[in-house]
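My entries follow in the order I made them.

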Amino acid sequence: MLRQGLYVVRGLYRDGLKLIRLAGQQSFNRAHLPASYCHQPIGVRALTMSSWPFSSKPRDYSLPNESWSPEMQKLYDHYNALCEVEEEGEKKRGAWWRLPSYNRTLKYATGGRCLSKLLQAKARLFTRNIEEPGAGFEYVVFLNKPEKSCVCVFQAGHLLEGPPGHVHGGAIATMIDSVTGTLATYLSGPVMTANLNMNYRSPIPLGSVVLVHCALEKVEGRKTFISCRVTSSDRAKLHTDATGLFLTINVGHLFGA
Ligand SMILES: CCCCCCCCCCCCCC(=O)SCCNC(=O)CCNC(=O)[C@H](O)C(C)(C)COP(=O)(O)OP(=O)(O)OC[C@H]1O[C@@H](n2cnc3c(N)ncnc32)[C@H](O)[C@@H]1OP(=O)(O)O
């Protein structure tokens with residue numbers, strides 16, 4: 001059982017990273033896809049590629065929904081447009097890649113469906129467990145592979161209140177942990193947060209849209225250092241700055257090995 005679990009989790013990370021790298025390849029273009037995919041937006045195509053390692057079509061929480069404000073949609077459209085560039089009349093992958101997001105990645109990984117029932121079957125990703133659109137964390141992460149950075153467009157819902165009318169510091173920390181952790185995972189493979197250091201500079205109004213910018217600072221052995229800034233959507237106002245330290249782990253660490 002433990003061995004099976006390790007096998008699936010290792011495969012999950014490998015498949016996830018493989019997918020990200022595959023999708024980031026500059027040679028990727030429409031010619032490699034069945035004709036039926038070509039009319040779909042790029043995010044949908046990424047989900048339906050034959051090399052997609054997940055067994056069924058799960059809900060992708062990073063796609064727009066009716067709760068998104070015009071500001072959120074505008075920023076999504078801006079970064080999404082950077083995911084595809086036109087070169088010599090041909091559409092190609094750009095430097096940016098939209099990361100899909102699920103409420104239980106394990107469930108949709110090859111061979112993971114059964115394991116997801118056995119291992120904490122009710123477990124759901126903390127940031128994706130509020131079903132009502134717009135009530136909690138609405139966000140989408142765009143990765144910039146060459147720059148080893150990412151940006152997250154985040155709209156904070158009314159269930160994330162801390163000080164009246166403003167976002168709870170723990171919810172802000174959650175987003176920072178999630179986005180820095182995602183970048184560290186992409187760059188270094190399986191990691192866990194060892195240290196997060198946060199400075200809250202100005203409050204974030206509930207319902208507003210902010211940008212969470214993360215960048216790689218350095219890698220030293222098993223340690224990946226990421227810096228992070230949360231700003232207003234026009235980047236003019238700094239809300240929070242942070243640093244994170246992530247330690248590469250053997251997946252056995254997740255099973256108490
Ligand atoms: C492609 C797939 C995409 C996936 C997307 C995912 C989306 C979701 C993203 C969600 C993301 C959510 C993410 C989450 O929420 S992760 C959940 C929150 N984090 C944890 O629960 C981690 C708990 N801690 C541990 O498990 C261990 O302590 C770890 C694994 C971190 C290290 O234990 P390990 O036994 O392995 O290492 P070591 O103790 O021998 O230390 C090794 C080195 O590290 C240095 N060190 C250690 N700790 C600290 C510290 N605090 N500050 C400064 N330095 C520290 C230490 O001095 C030493 O340095 P040196 O002497 O060698 O120089």
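**Entry 1: a pair across two strands.** I started with C152 and asked for its partner in β7. The bridge partner of C152 there is V212. This is a predicted model, so I treat every value below as computed. Next I followed V212 onward, and its bridge partner in β8 is V230. I then counted bridges. β5 and β7 run antiparallel and are joined by 7 bridges. β7 and β8 also run antiparallel, with 10 bridges between them. One more pair went into the notes: Q155 stands opposite V209 in β7.

**Entry 2: the turn between β7 and β8.** How many residues lie between β7 and β8 in their hairpin? I found 2 residues between them. G221 sits in that turn and has a positive phi of about 60 degrees.

Entry 3: I zoomed out. The chain comes to 6 helices and 9 strands.

**Entry 4: α6 by itself.** I counted 20 residues in α6. From first C-alpha to last, α6 reaches 27 Å, close to the 28 Å expected at 1.5 Å a residue. I listed its buried residues: A171, I172, M175, I176, S178, V179, T180, L183, A184 and Y186. G189 follows the helix, and its phi is positive, near 85 degrees.

**Entry 5: the core.** I turned to the largest nonpolar core, which has 43 residues. Those with the most contacts inside it are C152, V153, M175, V179 and V212. α3 (70-81), β3 (96-99), β4 (137-144), β5 (149-156), α6 (169-188), β7 (209-220), β8 (223-232) and β9 (238-248) each supply at least two residues. α6 gives the most, with 8 residues. M175 and V179, noted here for their contacts, are also on my list of buried α6 residues. In soluble globular proteins, nonpolar side chains tend to be buried together.

**Entry 6: V153 close up.** Which residues does V153 touch, leaving out those up to four places away in sequence? I noted M72, L75, Y76, Y79, Y139, V140, V209 and L211.

**Entry 7: T182.** I found T182 in helix α6. T182 touches L99, V141 and C150, not counting residues up to four places away in sequence. I also took its distance to T248.

Entry 8: β1 (residues 84-87) and β2 (residues 90-93) pair in the antiparallel sense over 4 bridges. E84 stands opposite R93 in β2. There are 2 residues between the strands, and E88 takes a positive phi near 50 degrees.

**Entry 9: positive phi in loops.** I looked at Q120, in the loop between α5 (112-118) and β4. Its phi is near 45 degrees, positive in a residue other than glycine. Q120 counts as exposed because it has 10 C-beta neighbours inside 10 Å. R235 lies in the loop between β8 and β9. Phi of R235 is near 70 degrees, again positive in a residue other than glycine. R235 counts as exposed, with 11 C-beta neighbours inside 10 Å.

**Entry 10: whole chain and record.** Buried residues make up 28% of the 257 residues in the chain. Among contacts between residues at least 6 apart in sequence, 67% join residues at least 24 apart. Last, I checked the UniProt record. Its unreviewed entry carries the annotation "domain: Thioesterase" over residues 165-236. That span is 28% helix and 44% strand, and its end C-alpha atoms lie 21 Å apart.

Terms used. Residues are numbered from 1 along each chain as its sequence is written. This is a predicted model: local features need pLDDT of at least 70, side-chain atom pairs count only at pLDDT 80 or more; totals for chains, interfaces and linings use all residues. A nonpolar core is a set of buried Ala, Val, Leu, Ile, Met, Phe, Trp, Tyr and Cys residues joined through C-beta atoms within 7 Å. A residue is buried if 20 or more other C-beta atoms lie within 10 Å of its own, exposed if 12 or fewer, and partly exposed in between; C-beta atoms are placed from the backbone. Two residues are in contact if their C-beta atoms, placed from the backbone, lie within 7 Å. UniProt positions are given in the numbering used here, feature names are shortened, and annotations may be inferred rather than shown by experiment. Two strands pair if DSSP finds at least two bridges between them. The expected span of a helix is 1.5 Å times one less than its number of residues.
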